[in-house]
Amino acid sequence: MALGFDGVTQRFGAVTALKNVSLAIEPGEIVALLGQSGCGKTTLLRLAAGVERPSAGRVLLEGRDVSSQGSFVEPEQRGVGLVFQDYALFPHLTVRENVRFGLNRRGESEASADATALRAIARVGLADLAESYPHMLSGGEQQRVALARAVAPRPGVLLMDEPFSNLDRRLRDVVRDETAALLQETGATSIIVTHDPEDAMRIADRIVLMRAGEIVQIGTGESLYRNPGSLFAARFFCDFTEVHGRVLRGAVETPFGRFPARGLPEGCEAVACIRPHAIRVVPKGFCLPGRLVSRRFLGEVDHLLIAVDGFERLLSVRASLAGLIAEGDDVGLDIPTDEVLVFPAGST
């Protein structure tokens, strides 16, 4: 189903959780609501589910208002599936019974509900655990049971609230990729709430970046990473080295060189954001001189801290040195200008 929010505002007493939010989600689209805790993303999810009613504005399903006085549609009538952060499995029910629970409430016969539940369980790779209880499962298996329960009734919209936050990193990667494949297979319109930009980029067709109850920027993961609309958006997707300077003749002057400052007025203070992956470490005598202060092996890359004259902090670099350079050695630094983002100083 198509899902939309039209001028939605939500207040809880003196606190405004959402401010005039409008968003249209196409049928079958996977959208991630990304932002820090308290930015309003879970509130927006609860409005879509019908758990909350908006203070102002409308929630639309297939263009139909389902949230206003006189047209409100109860959660169980919306055709919406929910996956909660804590999975919300019934501890006294088996995997099969947990997945079948929502089907029984929908009025299916026992035999039909059982068959549908077992198909959903097999789809998430847990057929051998259908008669197990939640306490017998790992965190990743419990997450997949919660997902199977949500998709079993074939909802038009699937809502997921921080579905991977309780998983360790290795398991998180596996379950996240399995979930992405399942969402593509089912074709349900999906919203995933997360505070992790990697989750959002790996699973969503579009990302909605939120801050303080408002939408900051919408786009694909690549567009938000390469062309953030603000310093706040840029910081969300990368740990930059931020260098302050002044705009002269269309570029910001820094100890690392001059970087284009498109659209910024002459003489204004600016911040150049240098991506740690964009810097190339070369032999001394070439490019910008520096000295390797610290090196930590991270597997595919090394994390380097490099001192540069005129810059009081250390430059953070991620690169593979293959054992060629040791701490204390002089190096050269090649920083492509098209990989440096420039914003007005004081912007957010």
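**Rings, strands and cores**

Analyst: Start at one ring: the charged end of arginine 53 sits over the ring of phenylalanine 72, at 3.7 Å from its centre. Keep in mind that this is a predicted model.

User: Which other charged end sits over the ring of phenylalanine 72?

Analyst: That of arginine 78, which lies 5.0 Å from the ring centre.

User: OK, zooming out. How many helices and strands does the protein chain have?

Analyst: The protein chain has 8 helices and 20 strands. Its C-alpha atoms fill a box of roughly 75 × 45 × 30 Å along the principal axes.

User: What share of the residues is buried?

Analyst: Of the 348 residues in the protein chain, 50% are buried. The chain exposes about 16600 Å², and carbon and sulfur atoms supply 49% of that area.

User: Back to rings. How many aromatic pairs are there?

Analyst: The count is 4 aromatic pairs. One of them joins phenylalanine 90 and phenylalanine 101; it is tilted, with 4.8 Å centre to centre and 55 degrees between the planes. These two residues are 11 apart in the chain: phenylalanine 90 is in the loop between strand 6 and helix 2, and phenylalanine 101 is in helix 2.

User: Why does phenylalanine 90 count as partly exposed?

Analyst: Because its relative accessibility is 28%, and partly exposed covers the range between under 20% for buried and over 50% for exposed. Phenylalanine 101 is also partly exposed, at 32%.

User: And phenylalanine 256 with phenylalanine 311, what kind of pair is that?

Analyst: That pair is edge-to-face, with 5.0 Å centre to centre and 70 degrees between the planes. It links distant parts of the chain, 55 residues apart. Phenylalanine 256 lies in the loop between strand 12 and strand 13, while phenylalanine 311 lies in the loop between strand 17 and strand 18.

User: Is phenylalanine 256 buried or exposed?

Analyst: Phenylalanine 256 is buried, with a relative accessible area of 7%. Phenylalanine 311 is buried too, at 12%.

User: Which residues do ring pairs link into a cluster?

Analyst: Phe232, Phe236 and Phe237.

User: You mentioned strand 12. How does strand 11 run relative to it?

Analyst: Strand 11 and strand 12 run antiparallel and are joined by 3 bridges. Arginine 246 stands opposite glutamate 253 in strand 12. The hairpin of these strands has 2 residues between them, and arginine 249 takes a positive phi near 55 degrees there.

User: What about strand 12 and strand 13, how many bridges do they pair over?

Analyst: They pair over 4 bridges, in the antiparallel sense. Valine 252 stands opposite phenylalanine 259 in strand 13, and a hairpin of 2 residues joins strand 12 to strand 13.

User: New topic. How many residues are in the largest nonpolar core?

Analyst: It has 44 residues, and those with the most contacts inside it are Val99, Leu158, Ile207 and Leu209. Helix 4 gives the largest share, 6 residues.

User: What does valine 99 touch?

Analyst: Leaving out residues up to four places away in sequence, valine 99 touches Ala117, Ala120, Ile121, Val145, Ala148, Arg149 and Ala152. There is also a second, separate core of 29 residues, which includes Val243, Cys268, Ala270 and Leu321.

User: Last one: what percentage of contacts between residues at least 6 apart join residues at least 24 apart?

Analyst: In the protein chain that figure is 64%.

Methods:
Residues numbered from 1 in each chain as written. Predicted model: local features only at pLDDT ≥ 70, side-chain atom pairs only at ≥ 80, totals over all residues. Heavy atoms only, no water. Phe/Tyr/Trp six-rings, centres within 6.5 Å; stacked < 30°, edge-to-face > 60°. Buried < 20%, exposed > 50% of the residue type's maximum accessible area, 1.4 Å probe, protein only. Lys NZ or Arg CZ within 6 Å of the ring centre and 35° of its normal. Pairing = 2+ DSSP bridges. Core = buried A, V, L, I, M, F, W, Y, C linked by side-chain atoms within 4.5 Å. Contact = heavy atoms within 4.5 Å. Areas by Shrake-Rupley, 256 points an atom, 1.4 Å probe, with all protein chains shown as cover.
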